[in-house]
Amino acid sequence: MFINFLVIIISLILIGIFSNLTGKLTEFIKLPSLIGMIFFGMIIGPSFLNIVPNITLKISPYIKDIALITVLFIGGLGISLKQMKQIGRPAIALSIIPATLEGLTISILSMIFLKFTFVQGAILGFIIAAVSPAVLVPSMVDLINRKIGQDKAIPQMLLVGASADDTVAITLFTTFLGIYMSGISGQSSSIINELISIPFTIFISILVGWILALITKNLLNSIKNNSIRVVFSLVVCLVIRFIENKFNFKMFNSLLTIMIYGFFLRTYLGDLAKKIQDEINIIWKYGKLYLFSFVGMAINPHLVGEYLLIGIIMLILSLTIRSIGVFISLIGTNLTLKEKIFCVIAYLPKATVQSAKAGIPLQMGVIGGEIMQAIAILSVLITAPIGAIGIKLTSSKFLNQSIEESSIIA
């Protein structure tokens with residue numbers, strides 16, 4: 001037992017050191033650090049060198065979860081009530097339209113190129129359709145800290161939209177997977193009922209976040225030590241995530257709830273929430289080393305080879321439709337063309353959801369599951385670097401650097 005614990009600690013220390021080093025080397029060549037961290041994880045992971053101890057790999061989902069929880073909470077703390085009022089309608093549109101259009105596009109393309117049924121294609125489509133919080137959220141938090149895009153609250157809009165986007169994509173993935181499995185077992189499943197559950201899931205998640213903020217705000221106010229406040233608020237976030245993982249409530253999204261909890265704490269606590277955020281930023285500085293490294297370890301590029309060309313064609317077409325969906329979502333806003341293009345780029349990257357869900361159809365015996373896994377992994381390899389690099393290159397050129405806030409609605 002002690003030896004296992006020692007192996008985990010030593011391996012995590014080494015992963016942290018070398019992930020940080022590769023991140024800095026990547027920044028040296030003017031690329032985002034997360035690209036270096038992801039590729040470092042892929043190289044040392046099971047697909048290549050396979051030098052990470054199995055016991056460390058087994059706990060990697062928990063480490064990724066903690067890191068993801070941390071950055072989503074930071075994202076919530078970075079959104080003010082005034083900004084939320086500005087971004088409400090376009091954020092809702094961004095949470096629904098791009099992912100739905102992309103998922104359905106891949107469903108149809110899968111019928112053409114892969115000879116899948118529509119349901120099989122939809123399973124693949126809504127694995128791929130989710131934008132990656134692991135790539136987008138840290139990038140948007142960085143822009144908020146640097147006061148970029150704040151005149152129209154663009155990073156906040158993308159944070160909220162992307163969080164709910166995952167809810168829509170994952171719910172539809174689960175829905176079509178359920179329909180497929182029901183068809184095998186001879187049971188019936190109503191897609192209409194499942195689709196109706198999506199807005200209820202978002203509403204319940206927001207409601208839970210608000211109630212928790214109401215319950216904990218006075219306690220956080222009464223705590224004098226800021227480090228204790230940070231620990232307490234993070235424990236609340238961990239409990240939220242644990243409840244979903246443990247009980248798998250159908251109409252509840254813990255990641256959205258965590259971000260909303262941070263938002264309401266910002267609303268109720270004001271400057272105190274900023275102090276909490278500043279200290280959690282230090283935690284995230286180390287957490288991101290493990291989030292991106294372990295995301296890289298989950299990538300298996302060997303699966304991609306046979307379907308490389310078809311996968312690239314499908315991704316180009318589906319991402320084009322997704323980008324049109326982003327433009328549709330931004331109709332009625334006063335964003336410039338450059339700002340809209342930035343939003344399109346920010347909505348490209350895939351990583352977290354695809355790494356977590358890619359193997360599920362194969363595990364559950366879905367016909368074509370190995371193809372789904374290969375193309376989902378391909379989507380990570382292509383879009384994570386493009387999205388991260390694109391955000392870095394265009395943010396300072398396409399967005400305004402200002403501390404003033406104005407309305408996003410024309």
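Which residues do ring pairs link into a cluster? They are Phe-118, Phe-126 and Phe-176. This is a predicted model. It holds 6 aromatic pairs.

**Helix H1 against helix H11**

- Two packed helices are described by the angle between their axes and the distance between the axes.
- Helix H1 covers residues 2-28, and helix H11 covers residues 271-297.
- Their axes come within 9 Å and cross at roughly 95 degrees.
- Angles of 65 to 115 degrees count as roughly perpendicular, so H1 is roughly perpendicular to H11.
- On the H1 side, the contact includes Leu-12, Ile-13 and Gly-16.
- On the H11 side, it includes Leu-289, Tyr-290 and Met-297.
- By class, this contact has 7 nonpolar residues, 4 polar residues and no charged ones.

- The ring centres of Phe-264 and Tyr-268 are 6.1 Å apart.
- Their planes lie at 20 degrees, so the pair is stacked.
- Both residues lie in helix H10 (residues 254-269).
- They are 4 residues apart, about one turn of the helix.
- Phe-264 counts as buried, at 16% relative accessibility.
- Tyr-268 counts as partly exposed, at 29%.
- Lys-217 lies over the face of Tyr-268, at 4.5 Å from the ring centre.

**An edge-to-face pair**

- The rings of Trp-284 and Phe-292 have their centres 6.3 Å apart.
- Their planes are at 75 degrees, so this pair is edge-to-face.
- Trp-284 is buried, with a relative accessible area of 9%.
- Phe-292 also counts as buried, at 3% relative accessibility.

Methods:
Residues numbered from 1 in each chain as written. Predicted model: local features only at pLDDT ≥ 70, side-chain atom pairs only at ≥ 80, totals over all residues. Heavy atoms only, no water. Axes fitted to C-alpha atoms, helices over the stretch in contact; angles between N-to-C directions. Helix = DSSP H or I, 4+ residues; strand = E, 2+ residues; numbered from the N terminus. Parallel < 35°, antiparallel > 145°, perpendicular 65-115°, else oblique. Contact = heavy atoms within 4.5 Å. Nonpolar A, V, L, I, M, F, W, Y, C, P; charged D, E, K, R; others polar. Phe/Tyr/Trp six-rings, centres within 6.5 Å; stacked < 30°, edge-to-face > 60°. Buried < 20%, exposed > 50% of the residue type's maximum accessible area, 1.4 Å probe, protein only. Lys NZ or Arg CZ within 6 Å of the ring centre and 35° of its normal.
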